[in-house]
Amino acid sequence: MPPAGPEGDSPLVGQPWQMLCLVEITNFVQLRRYLGSLRADGLVHDLDGRIATEIGVSGAVRAGRATLEFMCRARSFDALRTVLDRVAEACRASFDIDGEAHQFVVAIGAAATACPNTDAVRIAEEAEAALSDSLPTSGITLRDVSVGTLGLDRLALIRDLPQAIASGEMFLQYQPKIHIRRQEINSAEALVRWQHPERGLILPGDFITIAEDSGHILALTLWTLEQVIADQVALASDGQDLTLFLNISGQLLGDASFVTMACQRVRESGAKIGFEITETAVIRHPDVAISNLQALADVGISIAIDDYGAGLSSLAYLKKLPAQELKIDKMFILDLTSSNRDPLIVRSTIDLAHALEMEVTAEGVETPAALALLSVMGCDIVQGYLISRPLSLGAFRQFMGNDPMSVLTAPRQPMFNTSASFWKSA
Ligand code: C2E
Ligand code: MG
Ligand code: MG
């Protein structure tokens, strides 16, 4: 097999396949406990060297406390699979410390495409999802995303959606939200994904509006609610009694039958559930929406206002909503430390929410600098790739067991270091 080229190489003729790979050291916490932080970090550096030997000179980039990320090319999908096998073998080879043999246990998730215009975020999301699949068994998962990048046909998706909901093609990932002052996991947000048998992973941005427009959003949301309730009950019985939030489409805020069913299911389950709604949805039909939200709040459902600042907003309605949490849209957070305007907006939104006795969540926290600034500004809760990507329930459990608060003190690199140019370069 020809050598796989590292990032930055000009695309080699005959090597049309590109791959983003994430290697997670699943026994990192145990190693660090045994060897100390400095040595454990040094070992991760050594691991980077081993990967570099397998894939080319520049090796991997550290993309988290225990995660390495690298990109490479090859002539075929199968050749990429061989690269992963070699990397796994190299990672698992034992190493010697003061005469003692130690070993990394790694899970590998990768996404590959032969289509040069594949969207970088989509590839990153696919690699993340592949890693989530690999984590429980510390295995290797490689996904081919070329098929799905040919363009999503709206009509075909509308046709496939009801069957997908019924036959288990939908699944949830959970993204933790961390309370800065209390230094604890505050809650988590459930995000729905569609594992389409032919098109691969489809993200909600590509099917929620389709579900809304085709009348399937009620069925999808009821499925999500059932799943979230079951997961919350399972976590609570393991001693992790966190509120799990789900996103509720604006359409359903005016739907009396949805509100009645949701109230009944949450009440009888006893689960700690929250709904994320947007203010734009309230402004469309304010009276009905506010009374429905009150009914949901009365059965103990926590209400969070999502994507604040990205849509319509009205102070008159904001103070009438029975919400405990205001989530500032990630468009104000992603460039927080390089923009002149965003810090002013964020600061005044935090003050406004506190005046209305709400806690503030910043979504899209990707860098330690943004976290530090938000903390100084008095932001209560943070959510974003710096803390964790959205995770399968199993990986979320593992995250909670692995010293999750270290992110508030330890310097970390953001996930998704992939430069857009890499994917567009072939
Ligand atoms: P949202 O509720 O604002 O969810 C946050 C989105 O930001 C998620 O994208 C999440 O993966 C992404 N994100 C999280 N941290 C970061 C970060 O640090 N940087 C960046 N750049 N992005 C980050 P996702 O999962 O693609 O969801 C997109 C939207 O789809 C959600 O936005 C929500 O409005 C909608 N959605 C997701 N699940 C459901 C659902 O079950 N029902 C409904 N009605 N809508 C849903
Ligand atoms: Mg949300
Ligand atoms: Mg949001």
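1. Strand β9 supplies the largest share of the shell around ligand 1, namely four residues. The structure under review is a predicted model, and the points below should be read accordingly.

2. The shell around ligand 1 holds 22 residues, of which Glu189, Arg193, Asn247, Glu366 and Tyr385 come nearest. By residue class, the shell divides into eight nonpolar, six polar and eight charged members.

3. For Tyr385, a backbone N or O atom is placed 2.8 Å from an oxygen atom of ligand 1. For Asp306, a polar side-chain atom lies 2.9 Å from an oxygen atom of ligand 1. For Val192, a backbone N or O atom is found 3.2 Å from a nitrogen atom of the ligand. Ligand 1 taken alone exposes 800 Å², and 85% of that area is buried by the protein. Two elements, β9 (184-196) and β13 (302-308), are those that give two or more residues to the shell around ligand 1.

4. Which residues coordinate the magnesium ion (ligand 2)? The donors are Glu189 through OE, Asn247 through OD1, Glu276 through OE and Asp306 through OD, at distances of 2.0 to 2.2 Å. Along the sequence, these donor residues follow the spacing E-x57-N-x28-E-x29-D. The magnesium ion (ligand 2) is 3.8 Å from the magnesium ion (ligand 3), and Asp306 coordinates both.

5. Glu189 and Glu276 are both buried; the criterion is a relative accessible area under 20%, with protein chains only taken into account.

6. A separate point concerns helix α1 (residues 28-35), whose buried residues are Phe28, Val29, Leu31, Arg32 and Leu35. Viewed down the axis of α1, these buried residues fall within an arc of 160 degrees and therefore line one face of the helix. Arg33 and Tyr34, on the other side of α1, are exposed.

Definitions and conventions. Residues numbered from 1 in each chain as written. Chains lettered and ligands numbered in written order. Predicted model: local features only at pLDDT ≥ 70, side-chain atom pairs only at ≥ 80, totals over all residues. Heavy atoms only, no water. Near = heavy atom within 4 Å. Polar contact = N/O pair within 3.5 Å; in protein donor to acceptor, adjacent residues only side chain to side chain. Areas by Shrake-Rupley, 256 points an atom, 1.4 Å probe, with all protein chains shown as cover. Nonpolar A, V, L, I, M, F, W, Y, C, P; charged D, E, K, R; others polar. Donors = N, O, S within 2.8 Å, 3.2 Å for Na, K, Ca; no water. Buried < 20%, exposed > 50% of the residue type's maximum accessible area, 1.4 Å probe, protein only. Arc of directions from axis to C-beta.
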